[in-house]
Amino acid sequence: MHVVHVASGLEWRGAERQLRLLARGLARQGVPQTVVTGRDSTLARHLAADGVALHAVPWAAPLDPRALPALVRETHRAGAVVHTHDAHALALVAAAEALGGAPVVATRRLLRPRRAETLWRRADAVVATSEAVRARLLRRDFDSTRIVVIPPGVAAGELRRADGAGVRAALGLPPEGPLAVALGGYAEEHGHALLLRAAERLAIVAPRLHWVLAGDGAGRRTLAREAAALGLADRVRVIPAPEEPAMLLAAASLFVLASWHEDYDPALLDAMALGVPVVATRTPTHVELVGDAAGLLVPRDEPATLADAVHRLILEPAFAEVLVRAASARVAHFDLGRLVAAHLSVYRSLGSVPDGPVPDRAREGA
């Protein structure tokens with residue numbers, strides 16, 4: 001058996017981070033694998049540093065045909081099972097039409113895909129990252145026997161080694177006082193406008209509260225101008241997304257996620273693992289991650305409710321600590337060992353992996 005992971009690497013977000021964690025976990029268990037991804041990507045750089053077998057190719061556009069020769073070579077390996085980790089990768093694998101019968105696993109993170117549903121129908125197995133994604137697929141008449149839900153994993157031990165001591169000084173923030181952090185691309189569905197409206201409401205009642213909004217996208221400068229127009233320039237920092245957000249999260253007093261796109265957001269789980277109390281919009285995926293007691297969930301598009309939730313965590317540290325303890329217990333359900341074991345089960349179900357356990361040589365994040 002040889003797992004051939006395929007990922008465009010055009011971004012460095014949840015999909016890429018999860019692939020890195022999975023590949024490292026599989027490597028620790030001695031599973032042969034190769035990752036086909038963009039040559040100059042952040043993903044390729046991290047995998048190379050991790051010692052994961054890498055086939056880096058020119059991949060500068062979503063459907064870059066220069067990746068096809070590598071896909072043909074890798075998928076003709078004896079016993080290959082192909083695992084695509086984003087829609088671009090799945091589209092190129094489908095376009096190759098030269099897989100030599102290798103089974104295809106496709107990970108689906110989005111409730112509303114950017115590409116046609118027919119791409120996922122061509123996969124032998126679809127890994128849904130949440131029950132919400134699975135329900136969406138079933139409403140689209142997908143074969144239920146080909147869908148398996150594998151929640152995201154988190155390297156809790158590794159995250160907890162992050163040191164946020166120098167973050168405030170680097171951003172020109174006061175050394176004390178509550179700090180709310182939000183991570184996410186600067187697109188409308190990530191809810192940064194909602195965050196600004198909540199921050200405006202809190203400016204008087206929580207005068208020591210500062211915010212850091214971190215993300216990618218063309219909307220960053222526009223958001224900074226909007227913050228200044230609201231009189232929040234000295235309270236809100238709007239910065240590019242850090243490559244390793246753990247240091248920023250480690251410096252936070254609380255984490256706020258105002259997105260309404262309903263897809264899995266890795267920063268939410270990271271914050272929970274780091275012991276940072278969370279406030280998030282109530283979407284199906286956020287409910288699955290947070291559960292009933294591991295954070296505060298608020299309706300979308302209600303800045304007053306969001307502001308009240310943030311204010312409560314500031315005023316009631318004992319209550320915030322209750323949430324943190326519940327989140328710590330919740331994070332155990334997203335252990336990386338489970339992530340690796342669940343994927344191995346999928347590979348075995350396709351007949352490419354011998355039955356029987358793979359020795360667990362090391363536990364990630366322990």
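In helix α12, the residues P266, A267, L268, L269, D270, A271, M272 and A273 are buried, meaning under 20% relative accessible area with a 1.4 Å probe and protein chains only. The model is predicted, with local features requiring pLDDT of at least 70, side-chain atom pairs counting only at pLDDT 80 or more, and totals for chains, interfaces and linings using all residues. Residues are numbered from 1 along each chain as its sequence is written, and side-chain values use heavy atoms, leaving out hydrogens and water.

**Helix α12 and its ends**
- Helix α12 spans residues 266-273 and is mostly covered, with eight of its eight residues buried.
- At the start of α12, a side-chain oxygen of D265 comes to within 3.0 Å of the backbone nitrogen of A267.

**Residue S259**
- S259 lies in the loop between β11 (254-257) and α12.
- The relative accessible area of S259 is 0%, so this residue is buried.
- Apart from neighbours within four places in sequence, S259 is in contact (heavy atoms within 4.5 Å) with E189, H190, G191, T281, T283 and H286.

**Packing of α9 and α14**
- Helix α9 (residues 192-205) packs on helix α14 (residues 303-315) at an angle of about 55°, and their axes are 8 Å apart.
- The contact involves L194, L195, R197, A198, R201, L202 and V205 of α9, together with P303, A304, L306, A307, V310 and H311 of α14.
- By class, this contact of α9 with α14 has ten nonpolar, one polar and two charged residues.

Notes. Axes fitted to C-alpha atoms, helices over the stretch in contact; angles between N-to-C directions. Helix = DSSP H or I, 4+ residues; strand = E, 2+ residues; numbered from the N terminus. Nonpolar A, V, L, I, M, F, W, Y, C, P; charged D, E, K, R; others polar. Buried < 20%, exposed > 50% of the residue type's maximum accessible area, 1.4 Å probe, protein only. Polar contact = N/O pair within 3.5 Å; in protein donor to acceptor, adjacent residues only side chain to side chain.
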